[in-house]
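This report walks through one protein model. Please have the sequence and the 3D view open as you read.

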Amino acid sequence: MIRTQRRWRFAAAVVASTLMVGCSNGGAVDAFAIKGAPMKLPNSQLAPVDAKAFQRILVGLRGKPVLVNIWASWCVPCRAEAPILRRASADLDGKVVFLGVAAKDDVSASRAFLDEFSITYPNLSDPAGEVPSLVAMRGYPTTIAIDRDGKVRGSSFGGLTENRLAALLSEIE
């Protein structure tokens with residue numbers, strides 16, 4: 001009986017800590033600065049960026065709500081959420097800018113990932129992993145919701161569900 005109670009308490013603690021790590025509307029990612037001279041979003045898929053170029057691209061996107069998804073082709077939760085992001089980007093085309101960042105990933109593997117999931121919204125390549133460091137990312141994937149004024153309104157760590165994505169989008173639409 002006591003052993004069973006301990007197992008339940010342990011399981012409850014694991015679930016609670018997983019939920020706290022998985023979603024956030026506050027924390028270090030919200031504190032990163034979007035600054036610099038505006039830069040246009042590159043026309044080519046998986047154009048290389050560093051932290052400074054990423055910030056400048058976000059400055060260039062001011063006036064539009066932006067959903068940034070930092071991912072890698074080898075990440076299992078990234079693969080699970082890819083169809084959800086693809087559908088949402090198609091549904092919200094012209095209303096929200098979806099921007100992917102393939103971080104610490106091989107460009108050919110990133111290209112294959114985009115092809116496999118038929119993702120056409122813009123994606124950047126950050127092979128050095130500067131963007132995750134910039135936003136104090138806790139793990140793959142990380143999704144950040146940025147409003148029209150360039151303020152971070154929400155973030156999610158770990159794979160997105162349709163409900164979590166809807167909650168993030170409601171913060172910026």
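## A buried isoleucine

I172 counts as buried, at 2% relative accessibility. Buried here means under 20% relative accessible area; exposed means over 50%, and partly exposed lies in between (1.4 Å probe, protein chains only). I172 sits in helix α6, residues 162-172. Helices (H or I, at least four residues) and strands (E, at least two) are DSSP runs, numbered from the N terminus.

Which residues does I172 touch? Leaving out residues up to four places away in sequence, I172 touches P65, V66, L67, V96, A145, I146, D147, R148 and R153. Contact means heavy atoms within 4.5 Å. One of these partners is I146. I172 and I146 are 26 residues apart in sequence, and their C-alpha atoms are 6.4 Å apart in space.

## Basis of the model

The model is predicted: local features need pLDDT of at least 70, side-chain atom pairs count only at pLDDT 80 or more, and totals for chains, interfaces and linings use all residues. Residues are numbered from 1 along each chain as its sequence is written, and side-chain values use heavy atoms, with hydrogens and water left out.

## Strand β6

## Partners of β6

Strands pair if DSSP finds at least two bridges between them. Strand β3 (residues 66-71) runs antiparallel to β6, joined by five bridges. Within that pairing, N69 has T143 as its bridge partner.

Strand β7 (residues 152-157) also pairs with β6 in the antiparallel sense, over five bridges. Here I144 is bridged to S155. The hairpin of β6 and β7 has five residues between the strands. In this hairpin G150 takes a positive phi near 85 degrees.

## The disulfide

How many disulfides does the structure hold? There is one. C75 and C78 form it, with their sulfur atoms 2.4 Å apart. The cut-off for a disulfide is a pair of cysteine sulfur atoms within 2.5 Å. The link is right-handed, with 80 degrees about the S-S bond.

Are these two cysteines buried or exposed? C75 counts as buried because its relative accessibility is 4%. C78 is buried too, with a relative accessible area of 2%.
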